[in-house]
Amino acid sequence: MKMRLELFLVVAAAVCAAGKPLNTAGNKLLLISFDGFRWDYDQDVDTPNLDQLAEEGIKAKYVTPPMLTMTSPSHFTTITGRWVEDHEVIHNMMFNPKTNLKIPFRQTLKKSEWWDTGVQPLWITAQNQGLKTASFFYPGGGVTYNGQAVNRVIMRSINHKYANETEWRENIDKVMSWFSEEDFDLVTLYYGEPDNVGHRKGPDHPDRKTIIQQIDRTLGYLREAIARHQLSDSLNVIISSDHGMTTVKKKPQVNEIILNKYLNLFGAASFEILDYGGFGILTPKPGKEQEVYDALSKAPNVKVYKKEEIPEDFHLAKSKRLPPIVVVADLGYNLNSRLIVYVNRGDHGYHNGEMDMKTIFRAFGPDFKRNFVSEPFDSIHIYPLMCKLLQIEPAPHNGSLSVTENLLLHSGESDSVVCQ
Ligand SMILES: *[C@@H]1O[C@H](CO)[C@@H](O)[C@H](O)[C@H]1NC(C)=O
Ligand SMILES: *[C@@H]1O[C@H](CO)[C@@H](O)[C@H](O)[C@H]1NC(C)=O
Ligand SMILES: [Zn+2]
C-alpha cells in the first residue's frame, strides 16, 4: 500500500513536469468468464475459495447481462462495452435471413464476418495502445477485427469437452506463464461451465452443485498459481459470466408452446430461428408482418415484438441484423416451431430483468477494494472499468465508469493531481 502511494506521488510529479499525463503502465488484467454462472449458484454450495476471494476483493450482489441473455451477444457486450444493437452479435448462431444461412455457435467462433462489425473489442484497443493481449477460448477472441488479430489466441476444438478439471488447471498455468514470462497485459479466459451442466441437468440438479465446487477448487488453484508466479501485486482478476439459467417448464406441468398452431409458418415466414430456447426471431414474407405479429401474439406465455417497438432498454431495436419480429417466451417456457425436439432442462435467453438471468461479478487484485460488496450493476459497465485498470483510452462505448469506479481502491486519484 505504502509503495503504491509513493509510486503515485512520483508519477504525479512526472505528470506535472511533463505538463501532460504520462502513459504509466497499469497493472495486468485477467478476465475470466464462467459461462452461465447464475448470480446465486454459490448460495447453496460450500465455496470456501469464492468466500475467501470475496473477503480479499469485490463481490457484486448480482450483475444484469444485456438483453439478449445469450453467450455470444453477452460476452461481446462485456468485451466491447457496447449494446447488442451496436455490436450486432445478435444471436449465438450466425444467420442470414436472405440466404437462410444458419451456422451453430461453435463454428461461428472462427467467422470474422459474424463478429467484426465495426465495433472494436478490448483486445484490439489495448494492442493499439501498446499492450500485449491474449484470448483463451473467449468468444470473439478467435477472429480478426479490421484485419487485426489478438496477439495470442487459443481456440476450442469443435468437440472440446468442458468439464475436465485437470485441463482447467493447465489452462491457468499457461495463462500465468504468459503473464509472468512473456509479459502479457490482458488475458481473457473462458470456461464452458456451469452452462453446460445447467442446460443438460437443470439449475436445481445436484450436478450443478458439483460443478460449482469444481469451479471453486479451480479458483483456489488460481490463487495459488498467482502467488507461485509472483503476480499477486501486479495482476487484477475479474471473474464474470454472461447470463444465468432457469429450469425449463415441461409437460405435464405446462403446455409446451408450438408456434405453428397459431401461425402457418411455411406460409407466413421466409426465415426463422424458433427452436432455440426462449428467444425466437423471424422474418415475415412480404406484406405479412401484421398477420405474423397478430397470430403469434395469441400464443400463450410469449411476448411478441415488432422490431421498431422493442422496448428501448433492450437496446436491440437499432440492430440491422435483427429480423423484423422477435418472440420472447416467459421465464422457463421454451419456443417450438412445429415439433418438440427440445431436450434442455435448463435454459437462458429470457428477459434480462428476470432474477434467474442475473449473473456474477467478483474481482480481486492490487487495484480493488477488499471485502467490498457492490450493489448490482449492468455488465456493460465492466468495459470502462477494464480500460481504467489497464490505463488505456477506451474505444467509444455505452458503459459508464462512474458505475464501477467505486470498486477501485484509488478511484479518481489520478484526476486529483493538481499541478502548481
Ligand atoms: C483431461 O485433461 C488432461 C490434461 O489435458 C488429459 O490428459 C486427460 O486425458 C483429460 N481427461 C479426459 C477424460 O478427457
Ligand atoms: C452506444 O455508444 C455508441 C458509440 O458511442 C453510440 O453511437 C450509441 O448511440 C450509444 N447507444 C446508446 C443507447 O446510447
Ligand atoms: Zn452462455
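Okay, a definition to start: buried means under 20% relative accessible area, exposed means over 50%, and partly exposed is in between, using a 1.4 Å probe and protein chains only. This is a predicted model, where local features need pLDDT of at least 70 and side-chain atom pairs count only at pLDDT 80 or more, while totals for chains, interfaces and linings use all residues. On bookkeeping, residues are numbered from 1 along each chain as its sequence is written, chains are lettered from A and ligands numbered from 1 in the order written, and side-chain values use heavy atoms, with hydrogens and water left out.

So, Ser240. It counts as buried because its relative accessibility is 3%. Ser240 lies in strand S11; strands here are DSSP runs of E, at least two residues, and helices are runs of H or I, at least four, numbered from the N terminus. What is Ser240 in contact with, leaving aside neighbours within four places in sequence? Leu31, Ile32, Ser33, Phe34 and Ile360, with contact meaning heavy atoms within 4.5 Å.

Thr71 sits in helix H3 and His243 in the loop between strands S11 and S12, 172 residues apart, so the pair links distant parts of the chain. Both Thr71 and His243 are buried.

On to helix packing. Helices H8 (residues 165–182) and H10 (residues 206–228) pack at about 30°, with axes 10 Å apart. The axes are lines fitted to C-alpha atoms over the stretch in contact, and angles run from 0 to 180 degrees between N-to-C directions. From H8, the contact includes Trp168, Ile172 and Met176, and from H10, Ile215, Tyr221 and Leu222 are among the partners.

Last stop, helix H13 (residues 382–390). Buried or exposed? Mostly covered, with 8 of its 9 residues buried, including Tyr383, Pro384 and Cys387. Just after H13, Gln391 takes a positive phi of about 55°.
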